[in-house]
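Subject: Structure handover

Hello,

Here is the structure we talked about. Please open it next to this message; my notes follow below.

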Amino acid sequence: SELDLTIDYADDLPSEEALAAIRQQHCAAERKWPLGDRAAHSFAEAYDLQGIEVQIGHTTIAAWEESIAQVLEKLDVASPLQKAMEGTLACQALYGEAYIDGWKAHLAAYPPALAEAMVKNHLAFFPLWGLEPHFRTRDATVWYYQILVEAAQNLVGVLAGLNRLYFTTFQFKRMGRFLQQMEIAPPDLATRLERLFQSNQPDAPAELEALVAETIALVETYMPTVDTTK
């Protein structure tokens, strides 16, 4: 649907004038949107090229390696850059293979401490199944679905930690393919998560309760150092 690229610069980011000249050289349309902060040495842009949206991330090598350390060493489980780390593991190098191969090797060695931090951070579930009758009479549709969304995200986050996968709730797409990578997970997970959000699904609270119970059991089996009492 689009072309995703990341360019890592040894020194400073190119100027706005240089990027505009590149777009003009490609006979591309003007920039559709920018995202991020140049002052933080990392931003993204998009423009259309022959009917395809080209999305390019620009960052310095120093900033990218600092981001990797923020997650792997400082255990930043909330960083949306986990999405970029997942992408790095799957990417194809067009130039600078030595750098990219090194980053892939570093990211593939998923630290046990990060796995435990991910599980602990996402091991939080509001017991919707115990209050479901109240939602029917209190005009709480938005809150009801908010709980379902947060619970689904936390289920995936816990299981990502157990499976040593990089995960962020930021623009979480291609869920089915992501969940297929999991060797440790409740059976038929993708279908059951999708079913939670089907309209007029009266069994959603009970299904959520079952998924939470099964996930907690997996934590107790594969990461017994994590306290699941609460």
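**Aromatic pairs**

Searching the whole structure turns up eight aromatic pairs. Rings of Phe, Tyr and Trp (its six-membered ring) pair if their centres lie within 6.5 Å; planes under 30 degrees apart are stacked, over 60 edge-to-face, and the rest tilted. One of the pairs is W64 with W103, which is edge-to-face at 6.4 Å centre to centre and 85° between the planes. W64 sits in helix α2 (residues 61-72) and W103 in helix α4 (residues 97-108), so this pair ties together parts that are 39 residues apart in sequence. Helices here are DSSP runs of H or I with at least four residues, strands are E runs of at least two, and both are numbered from the N terminus.

W64 counts as buried at 8% relative accessibility. W103 counts as buried too, at 7%. The cut-offs: buried is under 20% relative accessible area, exposed is over 50%, and partly exposed is in between (1.4 Å probe, protein chains only).

Y144 and Y145 have ring centres 5.2 Å apart and planes at 90°, so they are edge-to-face. Y144 is buried, with a relative accessible area of 14%. Y145 is partly exposed, with 30%. W64, Y99 and W103 make up one aromatic cluster.

**About the model**

This is a predicted model, where local features need pLDDT of at least 70, side-chain atom pairs count only at pLDDT 80 or more, and totals for chains, interfaces and linings use all residues. Residues are numbered from 1 along each chain as its sequence is written, and side-chain values use heavy atoms, with hydrogens and water left out.

**Overall picture**

The protein has ten helices and four strands. Along the sequence the order is β-α-β-β-β-α-α-α-α-α-α-α-α-α. The C-alpha trace spans about 60 × 40 × 30 Å along its principal axes. Of the 230 residues, 39% are buried.

Contact means heavy atoms within 4.5 Å. Among contacts between residues at least 6 apart in sequence, 55% join residues at least 24 apart.

The accessible surface comes to about 13,500 Å², and carbon and sulfur atoms hold 53% of it. Those areas come from the Shrake-Rupley method with a 1.4 Å probe; for residues, only the protein chains shown count as cover.

There are 17 positive and 32 negative side chains, and the centres of the two sets lie 4 Å apart. Lys and Arg are counted as positive, Asp and Glu as negative; His and the chain ends are left out. Each charge is placed at NZ of Lys, CZ of Arg, CG of Asp or CD of Glu.

**The hairpin**

Strand β2 (residues 33-37) and strand β3 (residues 42-49) pair in the antiparallel sense over five bridges. Two strands pair if DSSP finds at least two bridges between them. G36 stands opposite F43 in β3. β2 and β3 form a hairpin with four residues between them. H41, in the turn, has a positive phi of about 65°.

**Helices α5 and α10**

In helix α5 (residues 112-122), the buried residues include L114, A115, A117, M118, V119 and H122. Their cover includes α2, α3 (82-90), α7 (141-162) and α10.

T215 lies in helix α10 (residues 204-222). T215 is buried, with a relative accessible area of 0%. Leaving aside neighbours within four places in sequence, T215 is in contact with L155, V158, L159 and P186.

Best wishes
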